[in-house]
Amino acid sequence: MAVKASGSPLSFSEIETEFGQNSDRDLGEYRVSQTVGGLSSQPLDTGIPQSGAIKFSDFYSKRLNVIIDYHSGSTENRPSDARTKYQAGSTSGNRTIIGGFRDRISGNSSGSKVRIHVNKTIGSAVGNVNNCAVRTGSFETGTVVTVEVGSSGKIFGAGGNGGEAGTSDGNRNGENGGNGSSGLGVQYSGTTVINNGTISAGFGGGGGGGYRKVEREESFSGPVYSAAGGGGGGGQGLPSGEGGGEGGADGTTTAGGNGGQGGENNQAHGGGGGGGGSNGSGGEGGNNNDGGNGTSSSGGNGASGTHTGSIEGENNVTGSGGSGGSSGAAIRRTSGITVNITNNATITGVTNATGVS
């Protein structure tokens, strides 16, 4: 609920209501210096002395500090949102209360300071640009919410999968690359993001290259030439996108995968697959029909099939290349809310996208 800001003399019981009862019921025991994850020497709340003289007036307007745990353990993808961790019955792996004199205020966070601390690597989920690796969830009005990304904190969106290549039998065009997903999702208005690590979008997969089929008219007894396209490269992210068939390479957390090379069959040339975003190279086609390179906004487009030579036939078919998937965002927010971002390190991708899931 937060300690009152002013007024009648502050009582010891009002301080205990907010921060919990220490073992000796002694004001001096509230001089706390606690390390949680990458947050070192934390006071009970900002402005409360950690040594030396301490007095009742130091506690006016102070709040219980609840550290939400995205720092312990190993790398994980899309853990529970911070609100769920705040409400969980067990503190282990969910939260730490500075001072340790009580647990969080169950059911109503209003007046508390909720600090979402990320100091490990966290990935997202594929399938939708709105999918976010770390989500704040919503809190009651009057809660102070910060997202504090430590120097070892890395929040990644997932990479989109590369599109499958067009098949040489002409039964499938190059397929579109999958969309990347997003890093941080903010769902509470007024949240402050303090970034000393990495927050990154996931990037789109490259489109698959198109096939090419060319056949001499039957009265001339053929030949038939046909060639498959190259698969799209997987997008950069965590997890990274998988390459499409026919040579599309998987992405990594630091690079998009390269598109696959278009097939070759004499006069028929399959299109190269598009490179995965943000920096995968397009695959080579046989007649300058290379796939597009991946960019920060999308995977590269797959190229259409082409042909060279003299055949002009009854079954002269060009398969189209697939489009590259869109990239996610570094930071997304619920529509209509405000977010204050302090970027002291690396943010890759847009920070003002709306829609969080």
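Two strands count as paired if DSSP finds at least two bridges between them, and strands themselves are DSSP runs (E, at least two residues), just as helices are runs of H or I of at least four residues, all numbered from the N terminus. The structure is a predicted model, in which local features need pLDDT of at least 70 and side-chain atom pairs count only at pLDDT 80 or more, while totals for chains, interfaces and linings use all residues. Residues are numbered from 1 along each chain as its sequence is written, and side-chain values use heavy atoms, with hydrogens and water left out.

**Exercise 1. Describe the pairing of S16 and find its place in the sheet.**

Step one is the pairing: S16 runs antiparallel to strand S17 (residues 268-269), and 2 bridges join them. In one of these contacts between strands, Asn265 has Ala268 in S17 as its bridge partner. Step two is the sheet, which is open, has 3 strands in the order S16-S17-S18, and is paired antiparallel. Strand S16 (264-265) and strand S18 (306-307) stand at its edges with a single partner strand each, so one side of each has no neighbour in the sheet.

**Exercise 2. Work out how S1 and S2 are connected.**

Strand S1 (residues 34-36) and strand S2 (residues 39-42) run antiparallel and are joined by 2 bridges. Val36 has Leu39 in S2 as its bridge partner. The two strands, S1 and S2, form a hairpin with 2 residues between them, and Gly37 in the turn has a positive phi of about 60 degrees.

**Exercise 3. Locate Gly73 and decide whether it is buried or exposed.**

Gly73 lies in the loop between strand S3 (65-70) and strand S4 (76-77). The cut-offs for relative accessible area are under 20% for buried and over 50% for exposed, with partly exposed in between (1.4 Å probe, protein chains only). Gly73 has 67% relative accessibility and therefore counts as exposed. As a further step, the C-alpha atom of Gly73 is separated by 26 Å from that of Asn130, which is 57 residues apart from Gly73 along the chain.

**Exercise 4. Characterise the overall form of the protein.**

Begin with the elements, which are 2 helices and 23 strands. The radius of gyration is 28 Å, well over the 21 Å that the globule rule gives for 357 residues, so the protein is more spread out than a compact globule; the radius is taken over C-alpha atoms, and the rule is 2.2 Å times the number of residues to the power 0.38. Along the principal axes, the C-alpha trace spans about 105 × 30 × 30 Å. Finally, 51% of the 357 residues count as buried.
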